[in-house]
Amino acid sequence: MNILFVGSEAQQMPGIIFAFGRMGHQVEMYEKPVEEMEGNEELEAQLETYLKRIKFDFILSNVFSREVARVTNRLGIKYAVWCMDSPSFPAWVPEAEYDNCYVFYFDYREYELKKQSGFKNVYHMPLAADVAWSGQLVITDDDIKKYGCDMSFVGAMYTNSLYDRALEHFSADMQDAFSELIEQSAFVWDGQDRLHMPPELVQEVRQKCPQIFYPCDMPDEYFLRTCLLGRKLTNVERTLLMELLSEQFDIHLYTRDTEIVPEGVRRFPEIPALKGAPKVFYSSKINLNITLRSIASGVPARVFDIMSVGGFVLSNWQEEIPELFVEGKEIVTYKTPEELVDKADYYLKHDNERIRIAVGGYQKVKEHYTWEHRLERIISVVQGRG
């Protein structure tokens with residue numbers, strides 16, 4: 001097949017290009033990312049001219065683009081999008097309802113909501129990892145010495161969240177209501193969504209602070225639950241867990257320079273996703289996953305990336321983890337901070353068990369969750385076979 005991939009500046013996925021090549025398909029990378037085309041009529045027209053000149057079987061991107069959707073709809077070309085963020089704001093637009101658009105979500109609950117909201121060609125598909133590329137990664141003794149530690153976490157702390165920026169617009173009663181929702185949800189990972197807010201509170205936020213809402217068709221309550229409260233909750237959990245773990249373990253935190261972290265936590269600069277992070281994953285005895293709370297049920301890319309290089313994953317429990325991995329054989333999960341500390345202590349003292357589980361995770365991803373596996377599903381759906 002001849003495929004055009006329209007990439008994203010924010011989420012660079014070269015592994016998709018290489019995987020298509022390994023599968024025997026012809027694939028081109030479009031010169032403009034989706035962010036650059038956004039709202040630009042001239043670039044939209046350029047894309048249309050390009051697609052009239054070169055015939056592609058379908059277009060793929062990992063961030064939904066209204067411009068690509070409009071052009072492909074006019075030209076009768078199929079457009080597939082594998083959303084790798086949740087919630088995926090760009091896909092909550094009327095263009096995503098076009099008959100030629102096929103949108104895949106890794107978080108089942110977002111997929112379910114989109115389907116209930118009337119979107120037609122929507123599919124649930126978990127994420128994957130580029131195991132073939134990981135197998136070519138060279139990790140030296142110096143790398144292991146540099147990145148080796150008891151435990152590491154690679155990710156943002158979500159300092160200065162939307163909640164923090166909007167707080168001054170909320171009344172004291174609203175702030176109390178939000179604080180109660182965050183408090184009752186924090187540090188419990190059991191699949192229950194405790195961030196649902198009453199309609200009157202949602203309406204009050206819309207009236208008093210309309211500027212915080214993303215310009216899309218996403219339901220207000222879902223937006224506030226995932227992006228306003230979910231990201232603030234993530235900040236609270238990651239901050240306090242880092243502080244708790246640093247009191248007992250040698251934990252390395254790799255995060256942005258702008259993030260605020262607890263005093264005493266061993267902080268390191270944000271590390272490149274493609275070249276640096278895999279070395280951290282391989283060299284750390286335990287790789288921690290604390291899922292962003294806006295991801296309601298799905299398994300984030302971090303888990304697949306760690307496993308793709310044979311790293312051991314200790315993750316908060318997520319609803320979809322049991323559907324993808326076997327607890328104690330491929331992954332280890334926790335539902336409370338106490339369980340996290342206990343399991344971290346146990347697996348740091350039991351090397352053979354930890355290594356066995358890491359190998360099991362690597363084998364599961366290699367055999368079932370590579371880019372090739374997922375892209376084959378996309379092709380099957382677009383061709384009407386899936």
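Reader: How many bridges join β7 to β10?

Author: Keep in mind that this is a predicted model. β7 and β10 run parallel, and Ser152 stands opposite Asn287 in β10. The number of bridges joining β7 to β10 is three.

Reader: And on the β8 side, which residue stands opposite Phe153?

Author: β7 also pairs with β8, in the parallel sense and over four bridges. Within β8, the residue opposite Phe153 is Leu253.

Reader: Why is β7 called largely enclosed by the rest of the structure?

Author: Buried here means under 20% relative accessible area. β7 has six residues, and it counts as largely enclosed because the number of them that are buried is five.

Reader: Moving along, what is the bridge partner of His252 in β9?

Author: Strand β8, residues 251-255, runs parallel to β9, with four bridges joining them. His252 has as its bridge partner in β9 Arg266.

Reader: Okay, zooming out to the whole sheet: which strands stand at the edges?

Author: The sheet is open, has six strands with parallel pairing, and goes in the order β9-β8-β7-β10-β11-β12. Each edge strand has a single partner, so one side of it is left without a neighbour in the sheet. Those edge strands are β9 (266-269) and β12 (332-334).

Reader: What angle does the direction of helix α15 make with that of β12?

Author: Neighbouring strands of the sheet are turned by 25° against each other on average, direction ignored. Helix α15 (residues 337-349) packs on this sheet and touches β7, β10, β11 and β12. With the direction of β12, that of α15 makes about 150°.

Reader: Let's switch to α3. How far apart are its end C-alpha atoms?

Author: Helix α3 covers residues 41-53, which is 13 residues. At 1.5 Å a residue the helix should span 18 Å, and the model agrees with that. The end C-alpha atoms are apart by 19 Å.

Reader: What arc do the buried residues of α3 cover around the axis?

Author: The buried ones are Leu43, Glu44, Leu47, Glu48, Tyr50 and Leu51. In an α-helix, residues three or four places apart point the same way, because there are 3.6 residues a turn.

Reader: Which exposed residues does the face turned away from the buried side carry?

Author: The buried residues pack against several elements, including β1 (2-6) and α4 (66-75). The face of α3 turned away from its buried side carries the exposed Glu41, Glu42, Thr49, Lys52 and Arg53.

Reader: Which residue's backbone nitrogen does a side-chain oxygen of Asn40 reach?

Author: This one is at the start of α3. The side-chain oxygen of Asn40 comes to within 3.1 Å of the backbone nitrogen of Glu42.

Key
Residues numbered from 1 in each chain as written. Predicted model: local features only at pLDDT ≥ 70, side-chain atom pairs only at ≥ 80, totals over all residues. Heavy atoms only, no water. Helix = DSSP H or I, 4+ residues; strand = E, 2+ residues; numbered from the N terminus. Expected span 1.5 Å × (residues − 1). Buried < 20%, exposed > 50% of the residue type's maximum accessible area, 1.4 Å probe, protein only. Contact = heavy atoms within 4.5 Å. Polar contact = N/O pair within 3.5 Å; in protein donor to acceptor, adjacent residues only side chain to side chain. Pairing = 2+ DSSP bridges. Axes fitted to C-alpha atoms, helices over the stretch in contact; angles between N-to-C directions.
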